Amino acid sequence: MGAWIMAGVTFREAARKKLLWTALLAGVAFLALFSTGLHYQVKDLTHSSVPPLIRNQLLSAMLQVGFYAVDLLAVIMTILTSIDTLSGEIASGTIQAIATKPISRWQILIGKWMGFAGMIAAYIAVMFGGVTFVGRWIAAIAPRHAFRGGMLIFLECLLLLTITFCSGTRFSTLTNGVIALGLHGIAFIGGWLEQIGAAANSPRLVTVGVVSSVIMPSEALWRRASVEMQPSFARVLQLTPFANASAPSGIMIVYAVAYLLAAMALALYYFHHRDL
């Protein structure tokens, strides 16, 4: 019960942050830009001699660009809104006002995590639903497995949220942000190296990408989401950067869940033994 109370308090505190509302405004601006770009692309393709099959693949690729932007916005919003949740409150001493109440430390941490998870879920639902609606309304296209793709993006954000909580129990806010962004940066670069290596038939480059996904599997979750959402024919043609010549397997999803649970266990351990 204490964890649920803390989750509600955290959700309301997060909703009052200017950064969240700025992210929402940025999301609205992106949807407006995406709608305009998709409208003109549909208009140009309608008056061209492009075969219908290729036309659908190009529009599907444009939709993947929209989902990629949603993934990027959600990741940045997750990291920036949560990096000072524990480290900032510990440094300022405000956490003591909560820790002295009849709520155990694990309930404080889990409650705060659930509050942010709810906020992230709402943000992804709005942005993901917005891109899907625009695709249906303007271009009459839709992702293949929208629910699977959305859940994988949500899992990616939960993984990064857990990382910020884990490092926030040990390090300052600035260091926490550097760790979270640095790990995701490794995953991001490694994911593209793996794609380039698979396309260029370079096993060593693919291995470098796989190792980076083992270090941090966040980008692998997005690439798996992209595979789930785009038509299988698009992956065969390899027309876009999102065709994923080397697609993560289901084992990587299981690994990402285990990674998240391990990070949460470490966060609980460090927070329990942390001198507040």
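In general terms, a disulfide is a covalent bond between the sulfur atoms of two cysteines; here the term is applied to a pair of cysteine sulfur atoms within 2.5 Å. By this rule the count of disulfides is zero. C157 is accordingly in no disulfide, the nearest cysteine sulfur being that of C166.

The structure is a predicted model, in which local features need a pLDDT of at least 70 and side-chain atom pairs count only at pLDDT 80 or more, while totals for chains, interfaces and linings use all residues. Residues are numbered from 1 along each chain as its sequence is written, and side-chain values use heavy atoms, with hydrogens and water left out. The pLDDT is the predictor's confidence in each residue, from 0 to 100. The chain has an average pLDDT of 85, and 92% of the residues score at least 70. Helices are DSSP runs (H or I, at least four residues) numbered from the N terminus. Where pLDDT is low, the predicted coordinates should not be read in detail.

The expected span of a helix is 1.5 Å times one less than its number of residues. For the 23 residues of helix 7 (residues 146-168) this gives 33 Å, and the end C-alpha atoms are 33 Å apart, in agreement. A residue is called buried under 20% relative accessible area, exposed over 50%, and partly exposed in between (1.4 Å probe, protein chains only). Since 19 of the 23 residues of helix 7 are buried, the helix is largely enclosed by the rest of the structure.

Rings of Phe, Tyr and Trp (its six-membered ring) pair if their centres lie within 6.5 Å; planes under 30 degrees apart count as stacked, over 60 as edge-to-face and the rest as tilted. The structure holds seven such pairs. One of them joins F116 and F165 edge-to-face, at 6.2 Å centre to centre and with 75° between the planes. Because F116 lies in helix 6 (residues 105-139) and F165 in helix 7, this pair ties together parts that are 49 residues apart in sequence. F116 counts as buried at 3% relative accessibility, and F165 counts as buried at 1%. The rings of Y255 and Y259 have centres 5.9 Å apart and planes at 65°, so this pair too is edge-to-face. Both tyrosines lie in helix 12 (residues 250-273), four residues apart, or about one turn of the helix. An α-helix has 3.6 residues a turn, so residues three or four places apart point the same way. Y255 is partly exposed, at 30% relative accessibility.

Two arginines are placed over aromatic rings. A charge sits over a ring if NZ of Lys or CZ of Arg is within 6 Å of the ring centre and within 35 degrees of the ring normal. The charged end of R105 sits over the ring of F271, 5.9 Å from its centre, and R170 lies over the face of Y270, 4.6 Å from the ring centre.

A140, in the loop between helix 6 and helix 7, has a phi near 55°, a positive value in a residue other than glycine. A140 counts as exposed, at 68% relative accessibility. N201, in the loop between helix 8 (173-199) and helix 9 (203-215), likewise has a positive phi near 55° and counts as exposed at 66%. V50 lies in the loop between helix 2 (18-46) and helix 3 (52-82) and is partly exposed, at 28%.

S60, by comparison, lies in helix 3 and counts as buried at 11% relative accessibility. Not counting residues up to four places away in sequence, S60 is in contact (heavy atoms within 4.5 Å) with I141 and P231.

Helix 10 is mostly covered, with 11 of its 12 residues buried, among them W222, R223 and E228.

Technical notes. Helix = DSSP H or I, 4+ residues; strand = E, 2+ residues; numbered from the N terminus.
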